[in-house]
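Please read these points with the structure open. They go from the interface to a sheet and then to a helix pair.

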Amino acid sequence: MKRMIAGIALALMSLTGPVVAEEFPERPIMMMVSYGAGGATDFQARIVTMTSGNEDALGMPIAIINKPGAGGRVGWNWFATQAEADGYTLAAYNVPHFIAQSIKGGVEYSTDSFEPIANWGADPAVFVVGADSQFNSMEDVVAYAKENPGKLTVSGAGLFVGHHIAALQIDKAAGTKMAYIPTKGGGAAAMKAVIAGEVMGGINNLSDAFRAQEAGNVKILGVADLERSSFLPDIPTMMEQGLDVDNSSVNFRGVMVPKGTPQDVIDKLAATVPEMFANDRVTKKMKAGGSPMHIMTRDEVKEMWAQRQQTLNELLAGL
Amino acid sequence: MEFIYYFGEVFTPLSFLLLLGGTIGGLILGATPGLSPTMAVALLIPFTFQLEAAQGLILLGAAYTSTVAGGAVSAILLKIPGAPANIATTLDGHTMAKQGQGARALQLSFLASAVGGVFGVLLLIFLTPVLAKWALAFGPSHLFWLAILGVTVIGTLDSPSVVKGLLSGCIGLWLATIGFDDIMGAQRFIFHPALGGGINIIAALIGLFAIPQVLTMFAKGRHNKGAEVIEVQRHSILAAIRELTSRTRALGIGTLTGSIIGLIPGVGGQIAGLVAYDQTKKFSAEKDKFGTGHSEGVIAAESANNAMVGPSLVPLLTLSIPGSPTAAVLLGGLLIHGIFPGSDLFDNHPDVAWTFINSMLIGQVLMCIFGLYVAGLAARVAQVPQSVMAAIVLALSVFGAYSVQGSMGDVYVMACLGISMFFLERFGFSAAPLVLGLILGPIAEANFIQGGMIADATVGKASYFLTGGLNLLLIAVVLASVAYSVWMELLHRRYTTKEEAQA
């Protein structure tokens, strides 16, 4: 009897078999977002996946599932340990967040737990001050920080997220020590602290800061990226202002699968997904929402992950 | 008065249809356990992709107002608060339903919701610029004191004994520390991966309120069946309106408290209902009746949680800062149409802004009409035999806890908290103060740490937290609240001892 059951089980297993790339996907796909509904990552994930049901894309819709908590740790822990590696379970990643968290420990994932598929967006960190602030350039900020060590309060969305990394890089480049104030409630709460004058400056997402500047609430003093942003062509980068700050703090958003996903499925996704991101409808909606797009292929993302891992290892070693 | 010009937009056929759909759908979603207003609005966002900006926002605005009110249905009939906003509604509302007055409780709650809601939206229309400044005035130190003010309420809320109330509040505060701490990222009491994100408030609410009641029903067993079936009294809508107009104090306190608290970013609607309930109780001539199915409790709680809807959108619409999770979702709904909240919204897209606000105003009225219509029918739920009811509530609880974020972990959390609460209730502890601790703990803690960090870099903790007009005002209110509780406790004690001595 036991043998028969084992035999049937084996037969059934061979029936389901490994997924063949040609047939993949044959049912709807799920994508986990480790931040709450309505957040920037969730919002963008919904836009970039909205055309996945088209014939020229995956031909199957992608459903977004939110698993928020602990700055993304809850979702990514779940993804690394419990998600099925069959290609039907995708997740959105946020670099440098998850890499920095894995370096600081207490989580069950690292860059080795995931396989990148493609990148859709890059939201650089920018330095903002209130509209009526005495500071008008990064030079003013650094001069004040040098005169008053530890007294310049700067808000950001939390510890070991892009904003914090940017603050650390500015400190390292200028030889200053700012008082970084992590807020609960993400970038919105950090921006509110700047507008209300609770802190002297803040580091925030370019997209949110752009909106706040349009509304006349803040001034943007510098962009922590290698090039100027097309949204803010007049705002110089940190490098242009003499601060050696590269793009390590840029918030890259993209899609990944768990390690162990069949190679042919990864290849199929890696070939289709970047084209899906480049769809006209997607880019139009992203532009309307003020979300900067930056499409990267699987190989480019792999390289970017490795670079970040190295920079962050050095930057966070002393903390 | 600009908003009047845009009323026409709301009544175009498609807009009005969306408004109706949003309101009815919102009521149903709101009444479903586990589906909070935030989630209901998030679920609707994809539908707005295909619509014009103004129409999309009509749908979202109508859904937001009516889910908040719809939460009262499950709170009153099933004792499952749909969202933190409805906790206070269960305290008296469910007791009324058990006495066969479910129809009356529902009618009062919808009427009070409409009054509070309309007042809140009117505030949004007329006082937005003033209110925006006010919302910004609350920094970390003020939010800290505000949370402490909430803590002082714990002892007196729905608990026969101050000591037991405080103890269950402490349990709540402890539960709130579980998980990765939000600011420093430290791990606290995480013994199971499901606890990494902390205790989910919706799952906790379902567990703490619904499960003890299910267990009690099961514990009664099958004997005396039929005896439990309650006669559901009919209640005319006119009588409900008359009752509401005679309870102006509860309605006034609820509406004002809700409007003020709704304005403060980050605290928002979660505690509006509870604070309004407690304040109304303190000012009421019939304090002892609270918790025994007293209509003032329902009126205060429901007028407060709908009054908060309008003001909670002030920081979003004027400063582009979402003050609550639901506002964050609405921000997404605006951005997807390329509209940036803030001055851009009112200057360049006044049609969208005012149509959205008007739709919330009309949505309140529609919500009230539909609510009153179904109240009489819905109240018959109380006639379902207890053994069947227990099974239904249990199934809904599991479904609700699971649907919060599609995780069995939340179901385990709900079950553990529910079973523990069943035994705690046997010892005279109650769930409301525990939940208040669970909600206020993180607010007080995060703002203390954040304020402390700013203070250390600038003026020092003592002057940061203890000086400034708003800080001193809040401290004074905290002290007054504590003094009042102590005084009432002493008065009550002397009274009972005398009575006992005579007996």
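1. Chain B puts 47 residues in contact with 48 residues of chain A. Contact means C-beta atoms, placed from the backbone, within 7 Å. This is a predicted model: local features need pLDDT of at least 70, side-chain atom pairs count only at pLDDT 80 or more, and totals for chains, interfaces and linings use all residues. Residues are numbered from 1 along each chain as its sequence is written, with chains lettered from A and ligands numbered from 1 in the order in which they are written.

2. On the chain B side, α16(B) gives the most, with 6 residues. Helices are DSSP runs (H or I, at least four residues) and strands likewise (E, at least two), numbered from the N terminus. That side divides into 25 nonpolar, 20 polar and 2 charged residues. Ala, Val, Leu, Ile, Met, Phe, Trp, Tyr, Cys and Pro count as nonpolar; Asp, Glu, Lys and Arg as charged; the others, Gly among them, as polar.

3. Chain A has an open, mixed sheet of 5 strands, ordered β7-β6-β8-β5-β9. β7(A) and β9(A) stand at the edges with a single partner strand each, so one side of each lacks a neighbour in the sheet. Strands pair if DSSP finds at least two bridges between them. β6(A) and β7(A) pair in the parallel sense over 4 bridges.

4. Helix α5 (residues 53–77) of chain B packs against α16(B) at about 165 degrees, axes 10 Å apart. That makes the two helices roughly antiparallel (angles over 145 degrees). Axes are lines fitted to C-alpha atoms, for helices over the stretch in contact; angles run from 0 to 180 degrees between N-to-C directions.

Technical notes. Parallel < 35°, antiparallel > 145°, perpendicular 65-115°, else oblique. Contact = placed C-beta atoms within 7 Å.
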